[in-house]
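Please look over the model shown here with its aromatic rings, strand pairings and backbone angles in mind.

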Amino acid sequence: MKYIDINKRFTEIVNEYLSNGYTINTSTMSGSQGETARVDVTDGTEVIRIVLDSFYTGYTGLEGMKILVGRAEADVKPHLGGDRYIVWNNRLEVLRSESFYKIGSSRNGGAFYGSESEAEAANSKRIERYKNRDGRQKEADFCGNATAREIAKRVIREKLNVRRIIEEDVRVYKRDGKYMVSYRHKLYRLR
């Protein structure tokens, strides 16, 4: 699912209330609480807010968009002009909620959304791919190769100016696609 599908779902919910006789209540819609979008509707006695907002769960690292439908506090009166009544999103009596978890994004920046289990699977796969990236966590060791050790000793003598080489301290390895020679606390990168 793409963001356009979330827009369509938001519109469907608003239209559902409008088709049931509710009207848009503009007197409670001024200001912003950081949400992405919101619409207040009323039947003349109560105010219902439909909110679209982003969320992030710090523990699991999942993020996405949420549509929340809630009833405003009882003291909020509909159809009064001005900014007399404020509907607070965190004080809504939640009637229903739909979450759309971000699964990934395309090259042009558009995000894809799905269920929580799909997002968890995508997140696990993303972490696994990151761990397996070439050069990130892998390091090839060439210490057992006799030819590599002889080249390393020559480099240590010529480039690091060491005349007496202790075999146990010689190390040859490949990191981030580059060959490295280390001897004690000295390091030389081969070209």
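The report below takes up these topics in turn.

## Basis of the values

This is a predicted model, in which local features need pLDDT of at least 70 and side-chain atom pairs count only at pLDDT 80 or more, while totals for chains, interfaces and linings use all residues. Residues are numbered from 1 along each chain as its sequence is written, and side-chain values use heavy atoms, with hydrogens and water left out.

## Aromatic pairs

A pair of aromatic rings is described by the distance of the centres and the angle of the planes. Here rings of Phe, Tyr and Trp (its six-membered ring) pair if their centres lie within 6.5 Å, and planes under 30 degrees apart count as stacked, over 60 as edge-to-face and the rest as tilted. By this rule there are 3 aromatic pairs. Among them is that of Tyr3 and Tyr113, whose ring centres are 6.5 Å apart with the planes at 50 degrees, so the pair is tilted. Because Tyr3 lies in helix H1 (residues 3-19) and Tyr113 in strand S6 (residues 111-114), the pair ties together parts that are 110 residues apart in sequence; helices (H or I, at least four residues) and strands (E, at least two) are DSSP runs, numbered from the N terminus. Tyr3 is partly exposed, with a relative accessible area of 30%, whereas Tyr113, at 10% relative accessibility, counts as buried; buried means under 20% relative accessible area, exposed over 50%, and partly exposed in between (1.4 Å probe, protein chains only).

The rings of Phe55 and Tyr101 have their centres 5.1 Å apart and their planes at 80 degrees, so this pair is edge-to-face. It links distant parts of the chain, with Phe55 in strand S3 (residues 47-57) and Tyr101 in strand S5 (residues 93-105), 46 residues apart, and both Phe55 and Tyr101 are buried.

## Charges over rings

A charge sits over a ring if NZ of Lys or CZ of Arg is within 6 Å of the ring centre and within 35 degrees of the ring normal. Lys66 lies over the face of Phe55, at 5.9 Å from the ring centre, and the charged end of Arg171 sits over the ring of Tyr173, 4.3 Å from its centre. Arg171 belongs to strand S8 (residues 170-175) and is partly exposed, with a relative accessible area of 32%. Arg171 and Asp141 are 30 residues apart in sequence and 7.9 Å apart in space, C-alpha to C-alpha.

## Strand pairing and hairpins

Two strands pair if DSSP finds at least two bridges between them. Strand S2 (residues 37-42) pairs with S3 in the antiparallel sense over 6 bridges, and Arg38 has Val51 in S3 as its bridge partner. S2 and S3 form a hairpin with 4 residues between them, and Gly44 in the turn has a positive phi of about 100 degrees.

S3 also pairs with strand S4 (residues 62-71) in the antiparallel sense, over 10 bridges, and the partner of Tyr56 in S4 is Glu63. The hairpin of S3 and S4 has 4 residues between the strands, and in it Gly61 takes a positive phi near 80 degrees.

Which residue has a positive phi of about 55 degrees although it is not a glycine? That residue is Asn161, found in the loop between helix H3 (146-159) and S8, and at 57% relative accessibility Asn161 counts as exposed. Arg184, which is not a glycine, has a positive phi of about 50 degrees; Arg184 lies in the loop between strand S9 (178-183) and strand S10 (186-189), and counts as exposed at 52% relative accessibility.
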